[in-house]
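Trainee: I am new to this structure. Can we go through it step by step?

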Amino acid sequence: MNVLKEQYNLVRHTRESLFRFCETLDPKDYTRKVEGFGWGSVRNLHVHVAECYQNWLAKFGMQENLTPVEPGMVQNVKEMREVFEQVNMLMLRFLETYEGRYGEGLERTWHGDKAVLSPLWLFTHTITHEFHHKGQIVSMARQMRYIPADTDLLPPEDIEALYN
């Protein structure tokens with residue numbers, strides 16, 4: 001068993017719960033600017049999370065040249081789901097590329113500075129970054145008077161219920 005792949009599957013299930021909640025938002029509220037949040041809207045935070053995976057895993061980790069997603073490329077939750085399908089494929093490629101070498105130091109020039117980070121660090125950074133911003137998305141929804149679903153890490157019985 002690849003523990004990191006299993007852990008990422010748990011992240012994906014939790015993300016699905018958040019997506020299902022976001023589908024209950026009025027479409028205008030998905031892109032509506034909410035004061036007090038640096039990224040502005042639920043959609044923009046989702047884009048920021050996807051872009052983090054793209055930059056850290058693809059660009060830094062695998063030195064791939066890709067164009068990160070930007071807010072204007074995504075208008076609704078359905079389109080955001082498609083972006084995250086690409087993120088899922090990226091994560092699986094990344095984990096397969098570094099399987100058995102998660103502690104290896106990857107030396108890169110990043111924004112003009114030398115950086116040495118391990119695949120485990122990159123994996124951990126991206127998933128914890130997503131959970132941080134997931135909490136902000138839920139807070140934004142509360143400010144817009146929605147009652148969010150529980151989007152914490154789901155126990156097995158909730159995962160089963162999510163797909164049945």
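Mentor: First, the ground rules. This is a predicted model, where local features need pLDDT of at least 70, side-chain atom pairs count only at pLDDT 80 or more, and totals for chains, interfaces and linings use all residues. Residues are numbered from 1 along each chain as its sequence is written, and side-chain values use heavy atoms, with hydrogens and water left out.

Trainee: What span does helix α1 reach from its first C-alpha to its last?

Mentor: Helices (H or I, at least four residues) and strands (E, at least two) are DSSP runs, numbered from the N terminus. Helix α1 covers residues 3-22, which is 20 residues.

Trainee: Which residue has a side-chain oxygen reaching a backbone nitrogen at the start of α1?

Mentor: Look for a polar contact (a pair of N or O atoms within 3.5 Å; within protein, one must be able to donate a hydrogen and the other to accept it, and residues adjacent in sequence count only if both atoms are side-chain atoms). The backbone nitrogen belongs to Leu4. The oxygen comes to within 3.0 Å of that nitrogen, and it belongs to Asn2.

Trainee: How many of the residues of α3 are buried?

Mentor: Buried means under 20% relative accessible area, exposed over 50%, partly exposed in between (1.4 Å probe, protein chains only). Helix α3 has 20 residues and reaches 27 Å from its first C-alpha to its last. The helix is mostly covered, and its buried residues number 18.

Trainee: Is Cys52 buried or exposed?

Mentor: Cys52 is in helix α3, residues 42-61. Contact means heavy atoms within 4.5 Å. Leaving aside neighbours within four places in sequence, Cys52 is in contact with Leu57, His125, Thr126 and His129. Its relative accessible area is 5%, so Cys52 is buried.

Trainee: Why is the pair of Phe19 and Phe84 called edge-to-face?

Mentor: Rings of Phe, Tyr and Trp (its six-membered ring) pair if their centres lie within 6.5 Å; planes under 30 degrees apart count as stacked, over 60 as edge-to-face and the rest as tilted. The structure holds eight aromatic pairs. The centres of Phe19 and Phe84 are 5.7 Å apart, and the pair is edge-to-face because the planes are at 70°.

Trainee: Where does the charged end of Arg108 sit?

Mentor: A charge sits over a ring if NZ of Lys or CZ of Arg is within 6 Å of the ring centre and within 35 degrees of the ring normal. Trp56, Phe60, Trp110 and Trp121 form one aromatic cluster. The charged end of Arg108 is 5.8 Å from a ring centre, over the ring of Phe60.

Trainee: What is phi of His111?

Mentor: His111 lies in the loop between β1 and β2. His111 is exposed, with a relative accessible area of 72%. Its phi is positive, in a residue other than glycine, and is near 55°.

Trainee: Where is Gln63 found?

Mentor: Gln63 follows α3, and its phi is positive, near 50°. Gln63 is exposed, with a relative accessible area of 57%. Its place is the loop between α3 and α4.

Notes. Expected span 1.5 Å × (residues − 1).
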